[in-house]
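Please report on selected local features of this model.

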Amino acid sequence: MKAAIYSRKSKFTGKGESIENQVQMCKDYASMHLSHKKIDEFLIYEDEGFSGGNTNRPEFRRLLEDARAKKFEVLICYRLDRISRNVADFSTTLETLQKYDIDFVSIREQFDTSSPMGRAMIYIASVFAQLERETIAERVRDNMLELAKTGRWLGGIAPLGYEADQVKYFDESMNERSMVKLKQVPEELKTVKLIFDKYLEFKALNKVETYLLQSNIKTKRGNNFSKNNLRIILSNTVYVKATKEVLDYLESLDITTCGEPDGVHGLLSYNKQKGVSNDNGKIVRVYRDTSDWIAAVSSHKGIIEASDWLQAQQILLQNKDRYITSPKAHNAILTGIIRCAICGSSMRISRGHTDKNGTNIYYYKCTLKYHSKGVRCNNKNVRVDQLDTVVKNSLKELGINKKSLIEKIKSKNKATRSQSDSPSKIYALENQIEEKKKQMNNLVTKLSMDNDIEDILVSKIKSLKTEISSLHTELEKQKNLNSEFDEEEVNLSFLEMLLDRCSLIDTLSNDEVKELVKGLVEKITWNGTTQDFVVDFVGSEEDKKK
């Protein structure tokens with residue numbers, strides 16, 4: 001009988017319930033308690049560095065595929081939450097296993113689905129485990145919200161104009177405590193004040209953006225300001241001097257306010273976002289309903305007068321629905337891909353004149369040139385229809401020369417693989433690790449039998465543990481390198497599929513052509529001064545089209 005062992009750990013580590021320890025404990029449990037199943041082979045599935053919050057894990061997905069193919073008869077794991085921390089996902093997995101007559105064993109809880117009672121107990125345990133996690137999460141959130149009401153900084157990236165500063169103090173029992181407060185950064189605050197002044201003057205985000213670009217004023221991280229950056233800054237309560245009028249405005253938005261406004265100190269906002277899983281299983285941040293938000297008077301001083309801040313909010317609200325995005329009137333295939341060769345910025349679509357036939361002419365235009373009104377970049381525009389035609393013809397050539405390109409990439413991959421002795425290194429490292437473990441186990445046995453040489457043996461055991469840890473690090477590195485080679489081969493088959501579609505390019509829609517460009521082109525740049533249009537195709541560095 002074949003048995004599958006699944007192990008998972010959120011972080012890469014050799015300590016505690018490591019991947020290796022989980023697998024070994026499952027094997028030991030099988031030999032002691034599942035001898036009646038006559039297991040003669042183990043299939044190992046290991047996901048290290050993956051959360052149990054969802055089932056979007058490579059080895060777990062492979063396990064389910066093998067289950068459907070009936071490659072094993074029993075699945076063993078160290079603990080229930082190794083499979084999933086979500087009751088619904090766990091239930092679905094269990095149903096899949098039962099559908100294909102595969103037993104499930106969890107050694108920590110000692111549950112076995114080969115019996116009705118075992119199946120019932122597993123469901124009950126998973127429900128209570130999720131309830132415990134959600135209760136703990138709720139308790140932590142409640143504590144954080146109570147702390148938020150005191151107006152202290154609870155972590156994260158400090159807003160422009162401030163930095164997080166840890167200060168120590170003594171509580172009522174004279175115990176030393178520490179807390180994080182916001183500390184002013186004068187130079188950055190000058191920029192914040194300038195942004196508010198210019199917005200009240202121009203009453204438009206795009207005009208403020210242009211002014212900052214022309215003046216070469218940067219964000220905290222040294223990037224150019226965007227309209228989104230500016231909107232976040234202008235609506236941030238951290239800058240306003242808290243007054244009753246400001247709190248009344250926030251409460252009108254259904255935001256909970258805390259503290260006494262004094263016209264001096266600023267406000268900190270909390271609980272505005274939460275993490276949710278998207279369709280791909282990734283955690284993304286989304287805004288909560290404003291009724292969940294908290295705004296508390298903080299210990300830091302505000303810098304924007306309440307009247308100015310409230311006026312800025314009113315302008316933001318008025319402008320919110322003013323601009324309606326018009327339907328896309330162009331069929332450009334390089335949007336989001338082509339970049340300016342002079343400054344490196346992306347290039348946007350700009351509408352030009354109308355020709356004698358009444359057709360609108362569109363151009364690719366550098367975004368930095370557009371937003372800075374030509375002050376920061378002066379790259380010349382280029383017609384969309386002309387560049388798109390060049391790219392389509394180049395893709396046709398790729399399709400015609402498919403065999404040559406594929407052979408070139410295969411040769412490159414083969415040369416790279418031949419220079420690597422990764423498989424042999426992996427085998428050697430695994431043998432070294434096993435040998436070191438045997439040495440360490442022998443020393444532990446000696447230590448238990450003779451305490452007189454404890455100092456010598458303990459020192460050797462520590463040394464062996466350090467060596468094993470280093471070997472594991474190198475083994476992981478070699479396995480990752482091997483995986484990269486396998487991924488290159490998979491990508492090659494995908495590349496062949498794209499090249500086959502190149503021969504049909506005249507029959508494809510613009511969106512389909514755009515997907516081809518994304519898959520086959522690494523970089524596209526336009527230099528209006530030299531009239532150079534460079535297309536860097538995947539896997540062919542020397543074949544750049546100009």
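Which side chain of opposite charge is nearest to Lys 369, and how many Å away is it? The nearest is Asp 385, 16 Å away. The model is predicted.

## Lys 369

Lys 369 sits in helix α11, which spans residues 367–371. Lys 369 is buried, yet it has no salt bridge. A salt bridge would require a side-chain nitrogen of Lys or Arg within 4 Å of a carboxyl oxygen of Asp or Glu.

The side chain does have a polar contact. It joins Lys 369 to the side chain of Asn 381 at 3.2 Å. Leaving aside residues up to four places away in sequence, Lys 369 touches Gly 374, Cys 377, Asn 378, Asn 379, Lys 380 and Asn 381.

## Trp 153

Trp 153 lies in a loop. Helix α5 (116–148) and strand β6 (162–170) are the elements on either side of that loop. Is Trp 153 buried or exposed? Trp 153 is buried, because its relative accessible area is 15%, and the cut-off for buried is under 20%.

Its contacts, not counting residues up to four places away in sequence, are Ala 158, Pro 159, Ala 164, Val 180, Lys 181, Leu 182, Leu 268 and Tyr 270. Trp 153 and Ser 298 are 145 residues apart in sequence. In space, their C-alpha atoms are 8.3 Å apart.

## Cysteines

How many disulfides does the model contain? The count is zero. Cys 26 is in no disulfide, and the nearest cysteine sulfur, that of Cys 77, is 6.5 Å away. Cys 26 is buried, with a relative accessible area of 0%.

## The β14-β15-β16 sheet

Three strands make up an open sheet. Their order is β14-β15-β16, and the pairing is antiparallel. The edge strands are β14 (347–354) and β16 (382–383), each of which pairs on one side only.

Strand β15 covers residues 360–366. Six bridges join β15 to β14, and the two run antiparallel. Among the bridge partners are Arg 351 and Tyr 362, the latter in β15. Strands of a sheet pair through backbone hydrogen bonds, either parallel or antiparallel.

Conventions: Residues are numbered from 1 along each chain as its sequence is written. This is a predicted model: local features need pLDDT of at least 70, side-chain atom pairs count only at pLDDT 80 or more; totals for chains, interfaces and linings use all residues. Side-chain values use heavy atoms; hydrogens and water are left out. Helices (H or I, at least four residues) and strands (E, at least two) are DSSP runs, numbered from the N terminus. Buried means under 20% relative accessible area, exposed over 50%, partly exposed in between (1.4 Å probe, protein chains only). Lys and Arg count as positive and Asp and Glu as negative; His and the chain ends are not counted. A polar contact is a pair of N or O atoms within 3.5 Å; within protein, one must be able to donate a hydrogen and the other to accept it, and residues adjacent in sequence count only if both atoms are side-chain atoms. Contact means heavy atoms within 4.5 Å. A disulfide is a pair of cysteine sulfur atoms within 2.5 Å. Two strands pair if DSSP finds at least two bridges between them.
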